[in-house]
Amino acid sequence: MKTLIKNLIEKTGYTLVDLRKLKQPQNLLPLKRSHFLDLYFSKVNPRDFFFVQIGAHDGKHHDPLYPYVTKYNLRGLALEPQRDVFAELQNTYKEYPNVTRVNVAIGEKTGRQTLFTVTGDTSLATFNRSVLAPYDGRIQETMIEVMTFNDLAEQYKIPKIDFLQIDCEGYDFEILKMVDFKRFSPQIINFESVLLSDTDRRACEELITSLGYKFFRHGLDTCAYKI
């Protein structure tokens with residue numbers, strides 16, 4: 001219950017503060033991802049910037065990129081496999097022609113694959129049905145279009161990736177392993193890590209560290225950077 005209340009409060013923009021820590025100001029106001037990204041995007045050249053967002057949903061829902069894409073008119077690809085949600089994504093960026101919207105998921109093989117979703121909550125969509133076990137009885141299956149990361153890069157002639165955003169309900173590490181880091185070297189990689197197993201989390205962090213990234217965790221995500 002305490003966790004639920006805390007999450008609800010934080011979604012409104014407020015933060016719970018332990019009054020016992022007021023006498024220790026160094027424990028207050030830690031760096032947040034938004035502070036980090038505010039500084040980062042204030043320094044980028046929009047004319048020489050490209051992002052790839054995998055699992056964009058409607059373009060706004062808990063989306064760390066949206067404020068910067070719209071403020072700086074950034075160029076990139078936004079991928080969302082759910083057809084109804086994709087229509088919302090199209091509408092979100094209808095005034096931003098620099099954003100190419102693609103109704104596809106990233107997977108191991110190009111073709112069609114079953115996506116598992118939860119009735120009444122479009123934010124929950126995954127290839128791994130077990131991730132949705134708490135929602136048994138509300139799980140539905142949909143066949144969607146899938147592309148490998150390499151096929152995506154070739155078809156859309158991705159020149160480079162400055163920012164890679166991934167939000168794929170526990171499939172994030174699998175996608176990271178598909179990226180050709182010899183070809184692409186994003187300055188920022190932000191991905192959802194809360195659903196990773198302890199084993200996958202360690203392996204994922206070892207991978208990004210071996211590639212020269214430093215990282216910090218924030219909320220449900222991990223933000224890796226090499227800038």
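Predicted model: local features only at pLDDT ≥ 70, side-chain atom pairs only at ≥ 80, totals over all residues.

Student: How many helices and strands does the protein chain have?

Tutor: The protein chain has seven helices and 11 strands, and buried residues make up 42% of its 227 residues.

Student: Which residues of helix α4 are buried, and where on the helix do they fall?

Tutor: In general, an α-helix has 3.6 residues a turn, so residues three or four places apart point the same way. In α4, which spans residues 83-92, the buried residues are V85, F86, L89 and T92. They fall within an arc of 110° when seen down the axis of α4, and therefore line one face of the helix. The face turned away from that buried side carries R83 and D84, which are exposed.

Student: What covers the buried residues of α4?

Tutor: The cover includes the helix α3 as well as the strands β2, β3 and β6.

Student: In what order do the four strands of the open sheet come?

Tutor: Strands of a sheet pair through backbone hydrogen bonds, either parallel or antiparallel. Here the order is β4-β7-β5-β6, with mixed pairing, and the edge strands β4 and β6 each pair on one side only. Strands β5 and β7 run antiparallel and are joined by eight bridges, with V118 standing opposite I139 in β7.

Note on methods:
Residues numbered from 1 in each chain as written. Heavy atoms only, no water. Buried < 20%, exposed > 50% of the residue type's maximum accessible area, 1.4 Å probe, protein only. Helix = DSSP H or I, 4+ residues; strand = E, 2+ residues; numbered from the N terminus. Arc of directions from axis to C-beta. Contact = heavy atoms within 4.5 Å. Pairing = 2+ DSSP bridges.
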